[in-house]
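Q: Could you take a close look at the salt bridges here, and at how they tie parts of the chains together?

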Amino acid sequence: MAEIVNREEMAQGTIILNEIKAPRISQKAKPGQFVILQADETGERIPLTMADTNPEKGTITIIYMVVGKSTARFKDLQIGDEYYALIGPLGKPTHVEKVGKVVCVGGGTGIAVLHPIARALKEAGNEVITILGSRSYDLLIMEEQMKTASNTLHICTDDGSHGHHGFVTDVLKDVLEKEDIDLVVAIGPIPMMKFCSLITKEKNVKTLVSLNPIMVDGTGMCGCCRVTIGNDTKFACVDGPEFDGHKVDFDELAKRLASYLDDEKKSYEAYEKAKAQ
Amino acid sequence: MADKKPKKIKVPRAKMPEQDPDLRRRNFDEVPLGLTPEMAMLEASRCLQCKKPLCVDGCPVSVKIPEFIKLIAENDFSGAARKLWETNALPAVCGRVCPQEEQCEIKCIVGKKGDPVAIGYLEKFAADWERENGSGEAPAVAEKTGKKVAVIGSGPSGLTVAGDLLLKGHEVTIFEAFHKPGGVLVYGIPEFRLPKKIVAAEVAALEKMGANLECNSVVGASVTIDELFEEGYGAAYIGVGAGLPRFMNLAGENMIGIYSANEYLTRTNLMKGYLFPEYDTPIARGKNVVVLGAGNVAMDSARTAMRLGADSVKVVYRRSRDEMPARDEELHHAEEEGIEFVLLTNPTQFFGDENGRLTGMECLKMELGEPDDSGRRRPIPIQGSEYQFDCDLVVVSVGSNANPLLTNSTPDIALNRWGNIVADPENGKTSKKGVWAGGDIVTGAATVILAMGAGRAAAASMHDYLTLGW
């Protein structure tokens, strides 16, 4: 079980796609839900929102960026290898309905999470305007799939190597000026979600974001993933991972994500060193 | 003057050899070292072999106490272990974590005039002896009935149900959300109180009896109970535990360095954070640690923090020493290891630095007023008694609520207003046909042995259902 049946390297090998055998999860999973994976018995439990599911084949797809030891160990796994643990589908699915015009904003591996949501929103009859951002064009993922999942697609790059030279927020502002937007879905790095939410709050446009706090069990048992939403503390694993972007305390989330920064760094360096030898 | 009758020499209650507190407070090895065979036989000889043993009445799973003790006294340790297994699938666990002092031992006749027979020590001894020296032969199971049972959750109540129904010849599959079986025995109770190899051995014994184990299976998420019935299961037992930690809703509670006891213990025990970086999951090693709450879980957290290298560990509790809910033995062990109890004190807020890391907290002194609903004197804040102090790690151990993950996916199971499953206290039957429940998901956070007792009752009722009908 949890065997990798397909594997791709994207964005210059910094982002990895795994299609994994998971019949039960593939039958149940809906856009916006996540799984927890563990490479082996000594590994960490890592939550990843699913990028795709294939109930006929009985597989799910995850796309992750290599940022530390745990994801580096995931990267080592090849086709035919199995994850030691895979559980899901966890969290609440995205509420998909026809609202009219929707802007989907994606950055980094957030684009992978955004993809099934954009597709479902378009299938529900919405007009989907997508804005994708990356540092440079060669780091952008899933452009073709997002083109299919959207009515209009805008690309932004920090270095100007393709599309708009600048941030997704520039284009978002522009779109909100020109069009009547009913919903914004923003998924990507925390600063991106934070600034998108600030812009849409000014315009009073409902905004969904998908949060990625540190988790352990992913089933509500530990409270590690707690986030402040308005005046309340919520558990992203069971109450989320999607929340109203206007209410999320992004600064607290960013700080909590750095809880183990020193340990993670040491651990990754030791791993790289051992691998080099 | 008549001659004095020769005085019968009274054998004193065995004293459990333990790791020295100064050593053990810095390691994760088990604290009690166990009785030697000689000590066990001597202790077993103290049992009066009562015709109507009150101790058995005190045991939630009715362990055949005088019978297994007699076998120990007769040097048949393997026989004693097998006698235990007749009514208890987890004797090595119970011998360690049961509150014997308020169950079997409190009823012991020997205890009326002196110290009761050390039933817990003897149970631990027999189970350990069999694990280390026994044949490894599984107890015999009845002829196959062809009925399939789903046990959801592999904690103490689920394992008890599995054991009982396997003995009766049913086919049992245990579903566990985590990657390792054992539930709270594995993620919650620390290694120094319950070595994980012991839980693994007890689960392996069930597998030898024929249990199927499906780890990484979140019933409610990857499969529902109704789907299990469609797959051919004839009955289901829900023993998923409480599993939704409570926080105190205080300012600053989401700062880095504040953990729920569940997270703190899961990272340390299940994920083996204490072995980081050999294991990948990190755990904060606080220097000035505060544990909020005074139950067994709070003691486990405090003693874990000491083992992870703390300079100071304080247990902050709003009532007085007499009301601390943890077992006496746990309180005693904690104090021996240098843990400080700060009583009649309640936290009010937390302070941190610009990175959101905890640096200190504020507490308020309390005094005891009139008794409340629980019969305990209500703690009342003393106005103006606030004081602040430094700390870099806080573990919130004030209990758990019912986790809704499974019950949300099973809307036809009746819940009480706190979200706990409503189950018949006699037999564990829920409002849904073919479904039983027991343990913390029904009662709210309680003990291992009460969960096992609920499992025992449910298993009997499930067997009736599978053979006779609802």
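A: Let's start with Asp164(B), which is buried at a relative accessible area of 12% (buried means under 20%, exposed over 50%, partly exposed in between, with a 1.4 Å probe and protein chains only). Asp164(B) and Arg456(B) form a salt bridge whose closest N and O atoms are 2.5 Å apart; the term stands for a side-chain nitrogen of Lys or Arg within 4 Å of a carboxyl oxygen of Asp or Glu. Asp164(B) sits in helix α9 (residues 156–167) of chain B and Arg456(B) in helix α18 (residues 448–468) of chain B, so the pair links parts 292 residues apart in sequence. Helices here are DSSP runs of H or I with at least four residues, strands are E runs of at least two, and both are numbered from the N terminus.

A word on the model: it is predicted, with local features needing pLDDT of at least 70 and side-chain atom pairs pLDDT 80 or more, while totals for chains, interfaces and linings use all residues. Residues are numbered from 1 along each chain as its sequence is written, chains are lettered from A and ligands numbered from 1 in the order written, and side-chain values use heavy atoms, leaving out hydrogens and water.

Now to another pair in chain B: Arg303(B) and Glu330(B) meet in a salt bridge at 3.0 Å, N to O. Arg303(B) belongs to helix α14 (residues 296–307) of chain B and Glu330(B) to helix α15 (residues 328–336) of chain B, so this pair ties together parts 27 residues apart in sequence. Arg303(B) is buried at 1% relative accessibility, and Glu330(B) is buried at 1% as well. Both belong to one network of salt bridges with shared partners, whose members include Glu18(B), Arg193(B) and Asp300(B).

What about pairs between the chains? The side chains of Lys28(A) and Glu227(B) form a salt bridge of 2.4 Å, N to O. Lys28(A) lies in helix α1 of chain A and Glu227(B) in helix α12 (residues 225–230) of chain B, so the two chains are joined by this pair. Lys28(A) is partly exposed at 23% relative accessibility, and Glu227(B) is partly exposed at 24%. Lys69(A) also forms a salt bridge with Asp280(B), with 2.7 Å between the closest N and O atoms.
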